[in-house]
Amino acid sequence: MARGAVPIMTMRGAGTVCAVLVLGIVLGPVIAVFRAGSVNLSFGAADWAALWFTVLQAALSALFSVLLAIPVARALARRRFPGRQTLITLLGAPFILPVIVAVMGLLAVFGRNGLVNAVLGGLGLPVISIYGLWGVVLAHVFLNLPLAVRLLVQGWALIPAEPFRLAASMGLPIWRLLEWPMLRAMVPGAFAVIFLICLTSFAVALTLGGGPGATTLEVAIYQAVRFDFDLGRAATLALVQLAVGLCAAILAWRLAAVTTFGGGMDRVVPRWDATGTLPRMLDAGWIGLVLVLLALPVIMIVLRGIPALPGLPPEVWPALGRSVFVALSASVLTVVLSLFIALRGGWPALLSGAAPLAVSGMVLGTGLFLMVYPVVSPATVALPVTALLNALVGVPFALRALGPAIAATESAYGRLADELGLTGWRRLRWVLLPRLRPAIGFAAGLTAAFSIGDLGVVTLFATETGQTLPLLMYRLMGAYRMADAAGVALLLLLVSLAVFWIFDKGGRSGADD
């Protein structure tokens, strides 16, 4: 989804190959599902209702996530305080939570017997229900607001200190001249990424939808595959979902403006527009509000998981090892594919950045199962296939991080590199990679953390001896071993945060925070 990057000419072919590879891996399983079932192109009333609810909840979730993220990211961008970087890292905890774990935390706070309803009941006020449209939107905002904050904070980081200094010395409006143009370029992409995530959301809609009136396309696909085994209808719904996602990505690409601010000396940005008491109070208020909203469900997960940690069953540790292996493999694949695709830019980057999120994960898993079944036992390739699909899911996020950084670097230093004759791999090694380290670390950490907590295609492939940690947690919950499941949930949270922090910190090592 990168736009405006100046491609390295000798690497255009590699970028095109990577983009075609991503699209092929995404579309191949869909074709396999089509071929396995008799295609039914009819679209009934229930399907239209599912389509409407899917688009509505995804649009509302993306809108609220981005709108809340703007003041929070601005506050974090213009404040320097002890523990700031740790706070930014912790803000990512909800996004890298396994979705079912996040839902458990939200139910502990907003559910029928949760904290909020306990307070409302004590005050004699009507209780609230988390089920239905607004419950789904609440869960998606909880999961995706941190991602929006991180993407927009990176946007502020792309503005050098020198334009701020010049604007302050001349008394010019910083918001209108610097911040708004940056948001104009960054917000459509952030909105599109979150919209696509919510478009294919499964666990949230399944657990919080509340009935047939709140069914998403992903849930309808699951029902067609799991209960009816109507592969033709599942493929039809998947293509509709893909078309909606690609339309959203194209619209965001068309609306986004490429904004660059020139080069700088990588100094910390002093914010002269944020020195008054009122700006400090507003920034602190926004950061505090989001911390409370995001921290309460996580705290409930921690409180319920701590007592169970000492007595975790022995099968937890091999499952953890498999999850870490899958996560590291996925992060490496994501970074390599996304770097070359982002350098290529243009329509290949747009399509390969949207397709992995727009296609149903259930259809991908079913299609891959059908493709490998005649050749090998699906259980023997469960971990490699899971790593591959997790890498594909990480590509859109990596492109959103790498694309603007490449564009900014080429705008600032491209002419100088041309004058010095730096092209191809030398240009990548000496000009781009040093300035892409933060974006690469963020992308690798996000992919690894997401992969550790993913419960997707592995459910179709893995056996008892090849299960990952999320699959083990799912099976513990199915066996009503809720205490053990709570302990595994906490372990998943800790490991996901640790992996993300290691990659993210490694990418920013030596840079000013």
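Modeller: Start with one side chain: F195 is buried, with a relative accessible area of 6%. Buried means under 20%, exposed over 50% and partly exposed in between, using a 1.4 Å probe and protein chains only. The model is predicted, so local features need pLDDT of at least 70 and side-chain atom pairs pLDDT 80 or more, while totals for chains, interfaces and linings use all residues. Numbering runs from 1 along each chain as its sequence is written, and side-chain values use heavy atoms, without hydrogens or water.

Colleague: Is F191 buried, partly exposed or exposed?

Modeller: F191 is partly exposed, at 29%. Both F191 and F195 sit in helix α9 (residues 174-199), 4 residues apart, about one turn of the helix. A helix here is a DSSP run of H or I with at least four residues, and a strand is a run of E with at least two, numbered from the N terminus.

Colleague: How many helices and strands does the protein have, and what percentage of its residues is buried?

Modeller: There are 21 helices and 0 strands. Of the 513 residues, 56% are buried.

Colleague: How many aromatic pairs does a search of the whole structure find?

Modeller: A pair of aromatic rings is described by the distance of the centres and the angle of the planes. Rings of Phe, Tyr and Trp (its six-membered ring) pair if their centres lie within 6.5 Å; planes under 30 degrees apart are stacked, over 60 edge-to-face, and the rest tilted. The search finds 3 such pairs. One of them, F64 with W134, is tilted, at 6.4 Å centre to centre and 45° between the planes. It links distant parts of the chain: F64 is in helix α2 (residues 45-77) and W134 in helix α7 (residues 133-157), 70 residues apart. F64 counts as partly exposed because its relative accessibility is 34%, and W134 counts as exposed because its value is 56%. F191 and F195 form a stacked pair, with 6.2 Å between centres and 15° between planes.
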